[in-house]
Amino acid sequence: MSDILVIGSLNADLVVKSPRFPKPGETISGEDLQIIPGGKGANQAVAAARQGVSVAMVGRVGNDSFASFLVDNLKANQVDTKHVSETESATGTAIIVVDSSGQNSIVLSPGANGKVTAKDVDSAPDAKILLLQFEIPIETVLHAAKVYKSKGTKVILNPAPAKEISEELLSHVDILIPNESELSLLSKQQVTDIKSAEVAAKGLLKHGIETIIVTLGENGALIVDSKQVTHVNTYKVNVVDTTAAGDSFIGGFSSALLKNKSLEESVRYGCACGALATTKFGAQPSIPTKEEVEKFIS
């Protein structure tokens with residue numbers, strides 16, 4: 001049994017830095033193209049593994065040169081890849097433009113990620129925590145949540161990229177971790193600040209979710225459950241690139257939960273991981289290690 005099982009995406013991120021985002025029909029010059037391992041699933045797997053917990057990954061890659069690049073990188077980060085399979089397809093890719101302030105604009109091509117099925121889930125190992133996202137088919141996410149909830153596994157869902165969720169899926173989630181825009185879509189309420197995030201999150205609790213943690217970027221995170229609403233501040237850093245900051249938060253938060261830290265302590269640890277990830281360029285290259293996080297916090 002692994003500490004954490006991630007069922008999700010593996011992408012090759014094709015990244016270009018530019019002074020700003022181009023307007024429709026406009027061509028602007030950027031820096032050299034970089035090819036970086038990414039994908040929300042793989043990012044979260046690496047983020048948790050770098051905090052010293054055991055992690056297994058379930059997903060699919062294509063039959064192209066990106067496949068071994070992504071799988072070898074997971075192995076190098078001590079992620080169990082026995083359940084990452086190859087399919088007749090292109091490997092998932094993400095086209096990412098990063099502007100001078102570190103903000104990013106992303107276009108996803110799902111490729112093999114769109115072929116992850118219930119069969120992949122049924123052959124997956126047991127774990128204490130399951131991490132799910134929306135870069136694989138929603139029906140596969142639902143099946144995984146049902147299967148692992150029935151086993152007593154803690155199911156954590158990061159509803160990204162944003163899309164509407166059925167009540168059936170919500171009822172099988174223990175911890176939901178949306179950002180402000182994802183929470184706006186799910187709750188059908190505009191989320192613009194901490195107060196509106198609290199109101200929107202409380203409205204979702206009725207679906208049977210145990211805890212909602214809203215990530216608020218530079219404003220930290222908000223914990224909402226039936227007993228408490230707690231705002232946790234994040235750490236001030238010089239932002240270089242926000243890619244994978246949310247994934248770093250989730251990996252760090254999950255690893256802290258496994259070490260019997262309280263919910264608030266775990267969120268604070270996740271905030272440190274997310275903040276550190278914004279200080280470096282790229283997705284997985286920016287994800288901090290346990291030693292880096294502990295030094296940063298101290």
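**Exercises on a predicted fold**

Nine strands form an open sheet in the order β5-β4-β1-β8-β9-β10-β11-β12-β13, and their pairing is mixed. This is a predicted model, in which local features need pLDDT of at least 70, side-chain atom pairs count only at pLDDT 80 or more, and totals for chains, interfaces and linings use all residues. Residues are numbered from 1 along each chain as its sequence is written, and side-chain values use heavy atoms, leaving out hydrogens and water.

**Exercise 1. Find the edge strands of the sheet, then see what packs on it.**

Step 1. Two strands pair if DSSP finds at least two bridges between them. Helices (H or I, at least four residues) and strands (E, at least two) are DSSP runs, numbered from the N terminus.

Step 2. β5 (79-86) and β13 (229-232) each pair on one side only, which makes them the edge strands.

Step 3. Now look at β11 (residues 211-215) and β12 (residues 221-225): they run antiparallel and are joined by five bridges. Within this pair, T211 has D225 in β12 as its bridge partner.

Step 4. Helix α7 (residues 194-204) packs on the sheet and touches β10 (175-176), β11, β12 and β13; contact means heavy atoms within 4.5 Å. The direction of α7 makes about 35 degrees with that of β12. Axes are lines fitted to C-alpha atoms, for helices over the stretch in contact, and angles run from 0 to 180 degrees between N-to-C directions.

**Exercise 2. Work out which residues of α2 are buried and what covers them.**

Step 1. Helix α2 (residues 65-76) has 12 residues and reaches 17 Å from first to last C-alpha, close to the expected 16 Å (1.5 Å times one less than its number of residues).

Step 2. The buried residues of α2 are A67, L70, V71, N73 and L74. Buried means under 20% relative accessible area, exposed over 50% and partly exposed in between (1.4 Å probe, protein chains only).

Step 3. Because these residues cover an arc of only 155 degrees around the axis, they are on the same side of α2; the arc is that of the directions from the helix axis to the C-beta atoms. S65 and A76, on the other side of α2, are exposed.

Step 4. The cover over the buried residues includes β2 (11-17), β3 (34-38), α1 (40-49), β4 (55-61) and β5.

**Exercise 3. Decide whether S226 is buried or exposed.**

Step 1. Locate S226 in the loop between β12 and β13.

Step 2. Its relative accessibility is 71%, so S226 counts as exposed.
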